[in-house]
Structures are given as structure tokens and as C-alpha cells.
Amino acid sequence: MTPLPAKELVALFIDAENTKPDFEQLFTFCHSYGEIRIARIYGYRELLRLPRWQKEYKQFNLDPVYAEKGRKNSADMLMALDAVECLYLYPEINTYVIASMDYDFLPLAHRLRKHQKKTIGVSTRYPPAMMRSSFHEYHTLLRPEWDVFEFCAQQFYLAYLNCQTDNGWALADEVFFSLAEPVPFLRRLH
């Protein structure tokens, strides 16, 4: 009888300042990659002490890491330092999920990849191409209703920016045919 393959170990780092406090879908997504060994959320104390945030991070056993309010990027720095520290403290963890759409984490994604770790970016908004290409995988987790509309609107806006001329105008056909991802809803509108 052949032994079962070892379960992948996952480290999850959440940037509270750039995500929504709705983690059920995020945790289901992370569990599809393996067992979550580390799950931390980063943000300033006043944010993480709001009842809605407390409910979520307690429900999912997230370790809160508090940053000083008013210090630009202090939560980002703590998160990046912790992730790099985990490289050495927990070498058995091979998948790192970064829940943020913040460009500050691009060097972290590159460093993790350099150490042969799988990097997965996750957000609730569609990220620019540079964000998507810096990770092995980048996923946009959508909830029904408004998130889907917001996702379509963001894709449309990014396509518009790519096609706009010096005077700010863009041809509708060019915008629709330059969408980064297929968006059936927008294609139907066309």
C-alpha cells in the first residue's frame, strides 16, 4: 500500500487595512491548498478592535498583530518581517497566502519565490497585472451581488486606461476587446 502524500502546509498573512472582514471564503480557499499552520492578521489596534473585525478573527482563530496607528506602512512592515521570519522558523511551510492588494508586498512575494515557496495572492478586488504576475497565483475572491459588479467595473476601468488617448477618450470596441479577463456580463452589454 502506497502512503498518502503529505499534506501541504500553508501560512496565511492578512493585511486588514486592504481587505474586508469576511473570512469564510478566504479560509475555504486556503484549505483547498492544505493545512493552515499560521494565520495572522495585521492592522492598527483601533481597526482590529472594532466588533466586526474581532468577531471574524476570533471565529477563525487569527492571531492579531497590532501596528501603530499613524505610522505609514507599519502593519505592512510587520507582516513582511513575520513572513520572512517564517521562512526560517518553519521551513516545512511551502505555501504562503498573502491577502492584500498592496504593492508593498511585491518584494515579499519575490523573496518567497526565491526560497522556492509557492506564493498566492488573494484580494476581493481585481488587481493590476503587476500584482498578478508577481505571485505564482493570484485570485480574486468574490461574493455575490455587489462584489461581482465591482469586479466587472474594475476590469472595465483598467481596460479603459489601457486604451485611452491623450485627450482621455477611448473607443468602446477597443476597451471591450482589451479586457484582461473574460467578463461575460460586460461582453453581453457590448
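1. A word on terms to begin: buried means under 20% relative accessible area, exposed over 50%, and partly exposed in between (1.4 Å probe, protein chains only). Helices (H or I, at least four residues) and strands (E, at least two) are DSSP runs, numbered from the N terminus.

2. Please keep in mind that this is a predicted model, where local features need pLDDT of at least 70, side-chain atom pairs count only at pLDDT 80 or more, and totals for chains, interfaces and linings use all residues. Residues are numbered from 1 along each chain as its sequence is written, and side-chain values use heavy atoms, with hydrogens and water left out.

3. Let's look at helix α3 (residues 51-59). Its buried residues are W53, E56 and Y57. They sit on the same side of α3 because they cover an arc of only 90° around the axis, taken from the directions from the helix axis to the C-beta atoms. The exposed P51, K55 and K58 are on the face turned away from that buried side.

4. What covers the buried residues of α3? Among the covering elements are β2 (35-44), α2 (45-48) and β3 (63-67), with contact meaning heavy atoms within 4.5 Å. Just after α3, N61 has a positive phi of about 55°.

5. D76 also deserves a look. This residue belongs to helix α4 (residues 74-89) and counts as buried because its relative accessibility is 5%. Leaving aside residues up to four places away in sequence, D76 touches D15, D102, D104 and F105.
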